[in-house]
Amino acid sequence: MVDPLGDVKKTVVYKVNPLRPERSVIQAAAKVIRMGGIVAFPTETVYGLGANALDPEAVKKVYEVKRRPADNPTIVHVADKMEARRLAAEIPEKGYELMERFWPGPLTLVLKKSEIVPSITVAGLDTVAVRMPNHRVALMLIEEAGVPVAAPSANLAGKPSPTLAEHVIRDLDGRIDMVLDGGPTEIGVESTVLDLTTPQPTVLRPGGVTLEELRRVLGEVQLHPAATAREEINLETARSPGMKHKHYAPNAEMILVEGERRDRVKERIRELVEEYMGKGLKVGVLVAGEWEPNVGHEIKVLGPEEDLKTIAKNLFKALRELDEKKVDVIIAGEVTATGLGVAVMNRLRKASGHRILKV
Ligand code: TXA
Ligand code: MG
């Protein structure tokens, strides 16, 4: 067997059955994690870039390989609810209720951290973000490794998150030890990050668990202004360090058209497409709902307007595909901002670098 941590970094890619993961494959990956290496693995949201969360050297490598700014903390993944008690100094009553209801699943809880969590894992904060993913490969890997696994999304910093192993390989081949290819991820947007250290539970990043679902358990939930990403956020008030960094950005310039009236939004998109094509630019279109195939040079229809699950699942892949087609500009349209749509709109606004046109 090749030493996965040898001098020449060859990224080993193993196919793994997402429903019944082959134990031998998981054991090989778990060994890499225990030895301080880095393994990309599927979760139900996006692929994660995993390292032993309790090993500062291993976590340091994660930041390096994805070129992540050192002030943006990672999420610590566990395979068992009780493991959260080791990582957190205290868990409020609400925390237990949320774990019961949503774990395993796409909800990350921000809690006061315990002594065992190294400073680098949380980027120097006194809190830790914890989640139990709902994916057999992820759970089995964490269990076999026997340690909590720090895992940011497995993309280069600033790029769209990976929903396929191919995306991970494209960004990180030769920089990490192993990729577990478990096929496409189910949800397609990242977990909801909920801060339980504030007087009112506060959503710092909308994601796979919707606000409506959280409100059913918690009653009141605050939405941090940055969570809607309506405008550029003030660095001083960034609670989640991830809020202030460039995100999900395709290589192309992106413009997002928003408005109450669907017909107006559609009309404006068409006008913009004409305008940019007139300038001799290659134009991509990123929309939901009914569209003729010949609008712009490359059109990505994310899904039917009301099918937010499909829209969320296709979003990051579509952004990457438009980049591969080397479009100069992407004109995107608003999607329904309820349920999973809140998370989708957050990603679209960030991907556009807040170039938002209201009609
Ligand atoms: O679905 C997901 O959450 C995926 C999969 C792999 O689990 N992971 C993920 O990780 O999206 P990452 O690192 O790309 O995003 C983590 C987000 C960032 O916005 C970060 O700033 C925030 O969580 N975060 C992490 N620790 C935090 C903390 N202690 N306080 C506030 N925000 C925190
Ligand atoms: Mg990320």
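Me: Is Trp291 buried or exposed?
Reply: In this predicted model, Trp291 is found in the loop between strand 13 and strand 14. Its relative accessibility is 15%. Since buried means under 20%, Trp291 counts as buried.

Me: Leaving aside its neighbours within four places in sequence, with which residues is Trp291 in contact?
Reply: Trp291 and Lys266 are 25 residues apart in sequence, but their C-alpha atoms are 9.2 Å apart in space. The side chain of Trp291 also reaches the backbone oxygen of Ala288 at 3.2 Å. With neighbours within four places left aside, the residues in contact with Trp291 are Lys266, Ile269, Arg270, Ile299 and Val301.

Me: Which exposed residues does the face of helix 4 turned away from its buried side carry?
Reply: Helix 4 spans residues 93-102, and its buried residues are Gly95, Leu98, Met99 and Phe102. Seen down the helix axis, these fall within an arc of 100°, so they line one face of helix 4. What covers them includes helix 3, strand 5, strand 9 and helix 7. The face turned away carries the exposed residues Glu93 and Glu100.

Me: What is the bridge partner of Ala51 in strand 7?
Reply: Strand 3, residues 48-52, and strand 7, residues 149-150, run antiparallel and are joined by two bridges. In strand 7, the partner of Ala51 is Ala150.

Terms used:
Residues are numbered from 1 along each chain as its sequence is written. Chains are lettered from A and ligands numbered from 1 in the order in which they are written. This is a predicted model: local features need pLDDT of at least 70, side-chain atom pairs count only at pLDDT 80 or more; totals for chains, interfaces and linings use all residues. Side-chain values use heavy atoms; hydrogens and water are left out. Buried means under 20% relative accessible area, exposed over 50%, partly exposed in between (1.4 Å probe, protein chains only). Helices (H or I, at least four residues) and strands (E, at least two) are DSSP runs, numbered from the N terminus. The arc is that of the directions from the helix axis to the C-beta atoms. Contact means heavy atoms within 4.5 Å. A polar contact is a pair of N or O atoms within 3.5 Å; within protein, one must be able to donate a hydrogen and the other to accept it, and residues adjacent in sequence count only if both atoms are side-chain atoms. Two strands pair if DSSP finds at least two bridges between them.
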